[in-house]
Amino acid sequence: MDDLKFVTAGQPICNGNAGYENSFKILESLKLDGMELEFVHGVRMSPANQKIVKELSLKKDMVLTAHGPYYINLNSKEEDKIEASIKRVLDTARMGKELGAYSITFHAAFYMGMPADAVYKKVESTMSEVCKVLEEENNDIWVRPETTGKGTQWGNLEEIVKLSKNFKQVLPCVDFSHLHARTNGGYNTYDEFCKIFEHIGKELGDKALNNFHAHIAGIEYGEKGEKKHLMLKESDMNYKDLMRAFKKFDVKGVVVCESPIMEDDAVLLKEYYLSL
Ligand SMILES: [Zn+2]
């Protein structure tokens, strides 16, 4: 990626049901850079919409990312659910590739009361199946487990970075709001943000900082982690220092804004970032 792009998590809210063509118009008028396609309830898009999304994103030089289904658990105790989860990740990657997307992300697994290292091994072995199939299919899209928002969900920063180290095609999707919520208020200072980028750069090299995928929103949280997304200005999310850290490390890639007023907050993030 040649710079840092700011995109919405799905079609802009003000678009209502006006369709993808209008969504791209809105993004363009707001000077935003694209959108994350939300396949959270299943990897489905009509052929007509696929054509519009593919053609318009190319024509308007917009970046696309994709979010996989919520019903993914690579650590399920039932083998058929693991197989179904692998298929959902693969289908997201296939649809992403077909539409010309840059990167896909998903919530990889739940701990299910198991020790973290056993869960890590399970996730690692299922990810190796995913990567093997994608390689056979010549699909080189970035595949990214996301840092999760609750302690019951597998995927703190260290786990995601460690997993990324083992696969050429895997990099983290860093959901900064999730990290903040998961630690009940941590990861919210300039130094803490810098440490995240330092850690990723040290462990995964420049390719990770030059091909970033981040999620940002305001967030409400408690001891168990994430409760719900909030507007940036109504939350304690220190987005200004986060943007400063992005700038300091010259991070390139895609920032997806997931706030309830996502297009407005994506503009807020982008304008602040560009003002630095
Ligand atoms: Zn997510």
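**A parallel sheet and its surrounding helices**

Strands S9 and S12 run parallel and are joined by 5 bridges, where strands (E, at least two residues) and helices (H or I, at least four) are DSSP runs numbered from the N terminus, and where two strands count as paired if DSSP finds at least two bridges between them. Within this pair, Ala214 has Val255 of S12 as its bridge partner. The coordinates belong to a predicted model, in which local features need pLDDT of at least 70 and side-chain atom pairs count only at pLDDT 80 or more, while totals for chains, interfaces and linings use all residues. Residues are numbered from 1 along each chain as its sequence is written.

The pair S9 and S12 belongs to an open sheet of 8 strands, whose order is S6-S4-S3-S2-S1-S12-S9-S8 and whose pairing is parallel. Its edge strands are S6 (142–145) and S8 (174–175), each of which pairs on one side only. A separate pairing is found between strand S10 (residues 218–222) and strand S11 (residues 225–230), which run antiparallel and are joined by 5 bridges. A hairpin through 2 residues leads from S10 to S11, and Ile219 stands opposite His229 in S11.

Altogether, the protein chain has 10 helices and 12 strands. Helix H10 (residues 262–275) has 14 residues and reaches 20 Å from its first C-alpha to its last, close to the 20 Å expected at 1.5 Å a residue, the expected span being 1.5 Å times one less than the number of residues. Buried positions in H10 are Met262, Glu263, Asp265, Ala266, Leu268, Leu269 and Lys270; a residue is buried if 20 or more other C-beta atoms, placed from the backbone, lie within 10 Å of its own. An α-helix has 3.6 residues a turn, so residues three or four places apart point the same way. The buried residues of H10 pack against strands S1 (4–9), S9 (212–216) and S12 (253–257), and also against helices H1 (20–29) and H9 (239–248).

Helix H2 (residues 47–59) has 13 residues that should span 18 Å at 1.5 Å a residue, and its end C-alpha atoms are 18 Å apart, which agrees. H2 is followed by Asp61, whose phi is positive, near 55°.

For the protein chain as a whole, buried residues make up 47% of the 276 residues. Among contacts (C-beta atoms, placed from the backbone, within 7 Å) between residues at least 6 apart in sequence, 79% join residues at least 24 apart. The C-alpha trace spans about 50 × 45 × 35 Å along its principal axes.

Definitions and conventions:
A residue is buried if 20 or more other C-beta atoms lie within 10 Å of its own, exposed if 12 or fewer, and partly exposed in between; C-beta atoms are placed from the backbone. Two residues are in contact if their C-beta atoms, placed from the backbone, lie within 7 Å.
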